[in-house]
Amino acid sequence: MNDTVSGKAYAKAQTPARKLGKLDQEGKWGLLLVSPYLIHFIVFVAGPLIASLYFSFSQYDMMNPPKWTGLDNYGRLFGDTLFWKSLWNTLYFAILFVPAQTILALVLAVVLNQKLKGLKLFRMAHFIPVISSWTVILYVSDAIFNPRFGFANSILASLGLDPQRWLQDGKLVIPLLVLIAVWKGIGYIMVIYLAGLQSVPQDLYEAAEIDGAGTLRKFLSITFPLISSTTFLVVILSTISTFQAFEQVYVLTGGGDISSAGGPNNSSLVLMLYLYREGFTFMRMGYASAIAWVLFMILFTLTLIQMKVQKKWVHYD
């Protein structure tokens with residue numbers, strides 16, 4: 001009897017150990033399964049991130065070992081007029097791009113959310129520019145805004161107006177880049193808004209109609225508040241994309257030539273293009289890393305501000 005009790009007590013005492021061993025085995029398998037992602041993160045994300053932080057405090061040209069210089073790159077950066085010019089161009093781009101894309105995508109999504117014939121065709125037509133490369137966009141834009149034979153100048157000539165230089169005009173280049181970027185990206189934002197609109201309960205609209213609410217009142221009182229979280233996401237994504245703008249400026253103002261991109265006279269030089277030029281054209285990788293970290297801090301600060309402000313207008317159901 002005592003031996004039986006002792007055997008049961010021993011088995012009970014050993015049960016947690018067996019479970020712990022089983023968990024350890026499962027943990028090893030789990031670690032093995034996620035190891036490709038962990039290796040990718042360490043090699044291609046965390047590693048370069050730490051390296052760029054070190055390079056930002058160093059003089060580094062990718063040909064010789066980095067030489068520690070402390071805050072010299074940052075001191076030079078804040079005294080660089082070209083940096084402030086590129087920062088202002090980026091902010092100007094964002095001020096025009098974010099509201100334009102957000103409002104137009106919302107209007108387009110509301111229209112395409114109706115039960116009408118041919119909506120799938122219209123949705124597909126608006127999404128085609130999203131999946132098109134910037135090289136294709138370049139050819140289309142050149143056909144429209146070419147100073148000599150572009151479609152836009154043909155329209156101006158038919159109206160008796162003087163032709164414009166468009167992308168070669170320092171005052172027009174940023175607004176035109178915004179227009180082209182909105183045209184290319186509006187389909188993606190439209191899809192996000194469509195997902196938000198289709199999650200709004202239809203019984204709320206029916207109740208509003210019974211109370212005599214019109215289309216505008218239903219939009220302001222029901223639709224917009226219930227998709228405010230979607231709008232917040234769209235604003236965040238659009239803001240980040242503007243500060244990462246590179247391809248459109250590089251292709252549309254330089255035609256693939258980095259030395260002429262950002263013109264005319266640096267009127268369209270944005271931060272990412274300036275970073276690329278300093279790092280890969282002039283081989284000043286330490287200085288480019290400092291620009292990258294300042295850009296990160298700007299984006300981080302703007303995101304924090306948006307997160308703080310969103311409490312006043314974003315409604316989560």
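Which residue does the side chain of K218 meet in a salt bridge? In this predicted model, in which residues are numbered from 1 along each chain as its sequence is written, the partner of K218 is E209, at 2.9 Å from N to O. Local features need pLDDT of at least 70, side-chain atom pairs count only at pLDDT 80 or more, and totals for chains, interfaces and linings use all residues, while side-chain values use heavy atoms, with hydrogens and water left out.

A salt bridge is defined as a side-chain nitrogen of Lys or Arg within 4 Å of a carboxyl oxygen of Asp or Glu. Side chains of opposite charge can pair when their charged atoms come close. A search of the whole structure finds two salt bridges. In the pair already named, K218 is buried, with a relative accessible area of 15%, whereas E209 is partly exposed at 48%. Here buried means under 20% relative accessible area, exposed means over 50%, and partly exposed lies in between (1.4 Å probe, protein chains only). The side chains of E278 and R284 also meet in a salt bridge, at 2.7 Å from N to O. E278 is buried, with 4% relative accessibility, and R284 is partly exposed, with 31%.

Helices are described next; they are DSSP runs (H or I, at least four residues), numbered from the N terminus. Helix 11 (residues 247–254) is mostly covered, six of its eight residues being buried. The buried residues are Q248, V249, V251, L252, T253 and G254. Their cover includes helix 3 (81–112), helix 5 (134–145), helix 7 (173–197) and helix 12 (271–281).

S238 is located in helix 10 (residues 228–243). This residue is counted as buried because its relative accessibility is 1%. When residues up to four places away in sequence are not counted, S238 touches F97, V98, Q101, T102 and I189, contact meaning heavy atoms within 4.5 Å.

F41 lies in helix 1 (residues 2–55) and is partly exposed, with a relative accessible area of 36%.

Note on methods:
Helices (H or I, at least four residues) and strands (E, at least two) are DSSP runs, numbered from the N terminus.
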